[in-house]
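My notes are kept in the order in which I looked.

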Amino acid sequence: MRCLFGKIVFMLIISLPLYSQSSEREQALVTSDPYWRQALGGAVISLPSVQVQSAVVALDGGNIRAYSTSGNHMWNYSARGRISPFVSRSREGTSYLSRTNGTLIAVNRAGRELWRRSMDAPLCAKVIVGWDGRLFAPTSEKIYCYTASGTLLWTKILEAPILVAPKLDKMGGILFALNNNAIYRMDPFGNTQTWPLAERPGFLISLDRNRIIILYVNGAVQELGASEDWFISAQSGEHSAVMPWLPSGPLAAVSMGNNIAATVNDGRVVLLSVNERRILWTANSHIRELSNSGGRPDNTEVEMICDERGIYVLSRNGATGFAHNGTRHWFTYLNNAASVPAFGNDGVLYSGTRDWILYAYRIEDRVLPERNALYGPVPDGTYGMGRPRHLDTLEIPLNESEKRAKLEEITAAASAGTFGANEIAWTSFLLEIAAGQEPLQSRIGALNLLGKIGSQETIPWLINIFRRDTEPLIRGAAINAIGEIGVDPQGLAIQTFLFSVVQNSIRDEHILTAIASATGALCRFSGPPLSETGVRILNLLSASNQPAATRRQANRELASLR
C-alpha cells in the first residue's frame, strides 16, 4: 500500500509540470492544458526541430512529420525504411536525415524528397549546415561534405569513431572529438587540425578562431589556444590555461559570449567566465529538483539553448529556463517523453511522448525576435566564395592549353567528389574564367562547374553576370548554375527572375527557358514561400506569347510542383 501511495504521489507531481521560483521549496502551480496536441502515428525518436514556423519530428516507423507552430498537420514523409534518430534542418527549412542503411536524404519544407546519397554508414549525429548551405554529414568514422543540392565536395576518413558530436565552430567549420581522445577541428574545405588529449573530453566549445574550451568528463576545464594559422597542424602553437573545475562531469554545455553555461551530472547549471577564470553562478535545474524529490532523472541526453531571452536546459524529464544572471524563471517536468523536447523561439515547448502524441506547451510569453519569420537564422559569416581572390600568378594558368587542362581537372574532381582543399582556389579560377575574355565554351564550362561547387555565396555574382553580360549563352549558363545550386534563402534570384519576366525585357528563347528551368529547381528545393513567386513566373513563361521551348519547359516545371 505504501509503495502504491508513493507511485500515486509521484505521478501527481509529474502531471503538474510548471513551477515558479517563489521560494526555496516552490509550490506547484495548476497547469493548463497543452497549447495543442497531435497524434503522430508512431513513437518519436529524435528531438523535435523547430524552425521557420514549423516543428518536425522523426518517428520509429521511418517517417518524419511536420506541424505548424499553431498545431496544424503539414505533411508526412516516409523514408521507406528505418531511419537514424538524427534530423536537422537548414535555414530555408530543408530536413536532412538518414536511413539505417546509410542513405542520406534531403526533404524540402513542403515534405518532398529532393535527393538521396549513399554513405558507408548511417548518421551518428546531426548533419551540420555550413554558412553557405554546405552539409557536414558525420558517420561513425567518416565526415562527408555535400552541397545543399547533394554534390559531394569531399570525404574525410577518421582514425576512430566519433565521441563528441560535431558542432559548427566560429570559423564555419566543425569541431568534434574521437574515441581516441583526439580533438578535430575541420574547416569547410576539409583541412584538419588535431590535438591529442590525455583525458576523455565530454564537450567542446569554440569561443573564437583561436580558442577551444574543453570540458572533461571528470569536471576539469581547459582552454586550448590554436595556432594563428590553423590550416597547418599546430602542436607548437597550442597552450592551455588553468580554469576552475566544474562541480561534476558535464551533461551539456553552450557558449554565451566569453562565458560557458554547463549542466553537470548532479543537475546543477553553472555559468563559467572564461576571461575571469571563475564560476559566476550555480543554480538548480529540473534535473536536480527531480532528484531531490526522490525521482530518477534521465541524464542520458541533455540539450542546452542560450539566446537573448536566457539559458534553457532540456531533457526527457522536463525543462528549465534561467535568466542570464542565474535567476530561474521556471521549470517543468515532462511525463512519458520519448525524446528531449524542443523549445521554440515562440516560447512553446514541444514534446513527443511514448504514446505517440506531440504536445505543445506555452511556457513563456517572451518571443525571440526573428529578422525574417520565413527563414531560419542568418549565418554568422561567409567563406568568401562569392568573389575572385587575388592568388599567386603561378597558381593561375597563363595560356589557353593550361586553362583547358585546369577546367578538365576541376570537372574530374566534381565527378569524383574531391574538391577538398582546392575549392577556394578553383572557385576563384572559375569566377575569373567565367567573367573574363575567354572562349565561349570555357566560360560556359566554368559557370557549369560553379553550379556543381554549389555555394550560395556565388549567387549574387551569378545574378550580376545574368544582368550585365551581353552573350545569351553566358546569361543562360549563369541562370542554370543558380538552379544547380538550388538554395536561394533570401529570394534574391527568384525576385530577379520575376522582374525580368514581368518587365518583358528578355526575348531570347535560350535565356527564358533557362529561367523556367532554374525557377522550377529553386521552388522544388525550398518549397514555400519561393514557390508562390515561382509559380507566377512559370505561369507567365507558359503563356502563348512565349517561345515554344520556353512554354514546354515552364509547363514541365509547373507539373513537377503539383
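The entries below begin with the ground rules and then go place by place.

**Ground rules.** I am working with a predicted model, in which local features need pLDDT of at least 70 and side-chain atom pairs count only at pLDDT 80 or more, while totals for chains, interfaces and linings use all residues. Residues are numbered from 1 along each chain as its sequence is written, and side-chain values use heavy atoms, with hydrogens and water left out.

**Open sheet.** I looked up the strand order and found four strands forming an open sheet, E15-E16-E17-E18, with antiparallel pairing. Strands here are DSSP runs of E of at least two residues and helices are runs of H or I of at least four, numbered from the N terminus; two strands pair if DSSP finds at least two bridges between them. Strand E15 (162-168) and strand E18 (192-196) stand at the edges with a single partner strand each, so one side of each is left without a neighbour in the sheet. I then checked E17 (residues 182-186), which pairs with E18 in the antiparallel sense over five bridges, and noted methionine 186 opposite threonine 192 in E18.

**Nonpolar core.** The largest nonpolar core has 70 residues, and those with the most contacts inside it are Phe176, Leu430, Leu447, Leu462, Phe497 and Ile515. Such a core is a set of buried Ala, Val, Leu, Ile, Met, Phe, Trp, Tyr and Cys residues joined through side-chain atoms within 4.5 Å, where buried means under 20% relative accessible area, with a 1.4 Å probe and protein chains only. Helix H9 (residues 509-526) gives the most to this core, with eight residues. I followed phenylalanine 497 and, leaving out residues up to four places away in sequence, listed its contacts (heavy atoms within 4.5 Å), among them Ile479, Ile515 and Leu522.

**Strand E28.** Six of the six residues of E28 (residues 310-315) are buried, so this strand is largely enclosed by the rest of the structure. Strand E27 (residues 302-307) pairs with E28 in the antiparallel sense over six bridges, and a hairpin of two residues joins E27 to E28. On the way to E29 (residues 318-322), E28 runs antiparallel over five bridges, with valine 313 opposite threonine 320.

**Serine 84.** Is serine 84 buried or exposed? At 4% relative accessibility, serine 84 counts as buried, and it lies in the loop between strands E6 (73-78) and E7 (88-89). A polar contact of 2.8 Å joins its side chain to that of serine 98; the term covers N or O atoms within 3.5 Å, one able to donate a hydrogen and the other to accept it within protein, with residues adjacent in sequence counted only if both atoms are side-chain atoms.

Conventions. Buried < 20%, exposed > 50% of the residue type's maximum accessible area, 1.4 Å probe, protein only.
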